[in-house]
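Reader: I have a structure to look at and would like to go through it step by step. Could we start with how its chains meet?

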Amino acid sequence: MSEIGATTKKFQKELNAGTSSLVLLGVLSRSPEPMYGYQIAKMLEESGPDIPMMKQGTLYPVLRSLEENRLLESMVEPSVSGPPRRYYKITEDGRAALAEWLEIWKQTKKFVDATLKG
Amino acid sequence: MFRTIEEYLDALKNAMKDADPALIQDAQADAREHLTNALEAVREKTPEVSEADALGKIIEEYGSPEETASAYREVERRTSPVLKQTVKPQTALGRFFGVYLDPRAWGALLYMFIAFITGIFYFTWAVTGVSLSVSLLILIFGLPLALLFLLSVRGLALVEGRLVEALLGVRMPRRPLFSHQGMKWMDRLKALLTDKATWLMLVYMVVQFVLGTIYFVVIVTVLSVSLAFMAIPVLQSVFHQGAVMMNNVRYSFPVWTYPLWILGGFLLWTIFMNIARGVGQLHGRFAKWMLVSE
């Protein structure tokens, strides 16, 4: 049982590796204002399924790598209490990438669904 | 399981101990930001919940230190390393001349130029800051001044880190490590003063002045000598000037030596580019050792 559980967990993780970039870009493209990590995590939690798809901690390294590829930009703003927050905003490159990724996602979804239906 | 955020951060550091120190510092900064924000949100809604209970649930959602550590490692592995060498010539000769195609060599050269300017600024800042803070300590506002100065040193260290990573390709922290939040400012000052990292950063700022000056002088010297060698044929055949002047008499080099001068100047610069690339890597390691707290 635990064997299957571990494999399932691994499958979920590998799936998330690709989709989390897409989800984050999507969220930030729709947000009129820059958002910080906790805000994004909270939003995903509320709009997501009952079973959380991914740990919130995994979002941060993805945000960072998106920024490194210039799809996002960020700035640090002090907060009233606690450490400063890093606010992320989508760039023009990010929007262009999102449009392409969405197309790939649609194709992939269609392909997988069609294959599974047989 | 974790009673405070600090405990979680320690566990996270432990789980990442084989990773790059700069990556650990980034992961800790992210976790600190998230956990503090989440804790604040819980406290606003339900003030009666204890910190340990609230943290339990928050960390459940954030992920265990091991899970978080593996997420960072995973993404770092997929992210292309900065300034990866674009071509990999095999032969020694290819490696020697391939330096012109190596972004690390050009980056190192640019860094050395910039180090001259930043070095002067760091040195001035450090000396002014230290002397002002120390001499004003007899007055009451010397203490806040010292605190501000030490914080600025931390900030500058981060900026220097970004510069080193961009130009020398050595992974440096991308987030400041805020380990003193929630403290009173006197305690904060004490923590900064007793932290070895602060003093290493200060020493780095002073040393950078010396290194920056040396880099600059060497670059300018080698560049002028190389260019002067290559200019000899032009000087003699286009402007009809002898290249050497002795006792008010100009001497010219024979025409057959022209290719040698050009080749010599070119070789000199190529050798220097190779050296600059090596020095850049060394400087990157030095900066990491001085600026990234273990």
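Reader: How many residue pairs are in polar contact between chain B and chain A?

Author: This is a predicted model. A pair is counted here when both residues are at pLDDT 80 or more. Between chain B and chain A, the number of residue pairs in polar contact is nine.

Reader: Which element of chain B gives the largest share of the side that touches chain A?

Author: The elements of chain B that give two or more residues to this side are helix 3 (51-62), helix 4 (65-78) and helix 2 (21-45). The largest share is 11 residues, and the element it comes from is helix 2 of chain B.

Reader: How many residues on that side of chain B are charged?

Author: Chain B brings 28 residues to the contact, and chain A brings 25. On the side of chain B, eight residues are nonpolar and nine are polar. The number of charged residues there is 11.

Reader: Which residue of chain B meets R64(A) in a salt bridge?

Author: The interface of chain B and chain A holds four salt bridges. In one of them the side chain of R64(A) takes part, with 2.9 Å from N to O. Its partner is D26(B).

Reader: What area is buried between chain B and chain A?

Author: Carbon and sulfur atoms give 51% of this area. The whole area buried between the two chains is about 2,500 Å².

Reader: What distance separates the centres of the two domains of chain B?

Author: Chain B is divided into domain 1, residues 5-78, and domain 2, residues 84-294. Their centres are taken over C-alpha atoms, and the distance between them is 36 Å.

Reader: Why does R277(B) count as buried?

Author: R277(B) lies in helix 10 of chain B, residues 258-291. Its side chain has a polar contact of 3.0 Å with the side chain of N274(B). A residue is called buried when its relative accessible area is under 20%. R277(B) counts as buried because its relative accessibility is 14%.

Reader: In what order do the elements of chain A run?

Author: Chain A has three strands and four helices. Read from the N terminus on, their order is α-β-α-α-β-β-α.

Reader: What percentage of the residues in chain A is buried?

Author: The C-alpha atoms of chain A fill a box of roughly 55 × 35 × 25 Å along the principal axes. Chain A has 118 residues, and the buried share of them is 35%.

Methods
Residues are numbered from 1 along each chain as its sequence is written. Chains are lettered from A and ligands numbered from 1 in the order in which they are written. This is a predicted model: local features need pLDDT of at least 70, side-chain atom pairs count only at pLDDT 80 or more; totals for chains, interfaces and linings use all residues. Side-chain values use heavy atoms; hydrogens and water are left out. Domain bounds come from an automatic or database domain assignment. Contact means heavy atoms within 4.5 Å. Buried area is the accessible area (1.4 Å probe) that two parts lose on being put together, summed over both. A polar contact is a pair of N or O atoms within 3.5 Å; within protein, one must be able to donate a hydrogen and the other to accept it, and residues adjacent in sequence count only if both atoms are side-chain atoms. Ala, Val, Leu, Ile, Met, Phe, Trp, Tyr, Cys and Pro count as nonpolar, Asp, Glu, Lys and Arg as charged, and the others, Gly among them, as polar. Buried means under 20% relative accessible area, exposed over 50%, partly exposed in between (1.4 Å probe, protein chains only).
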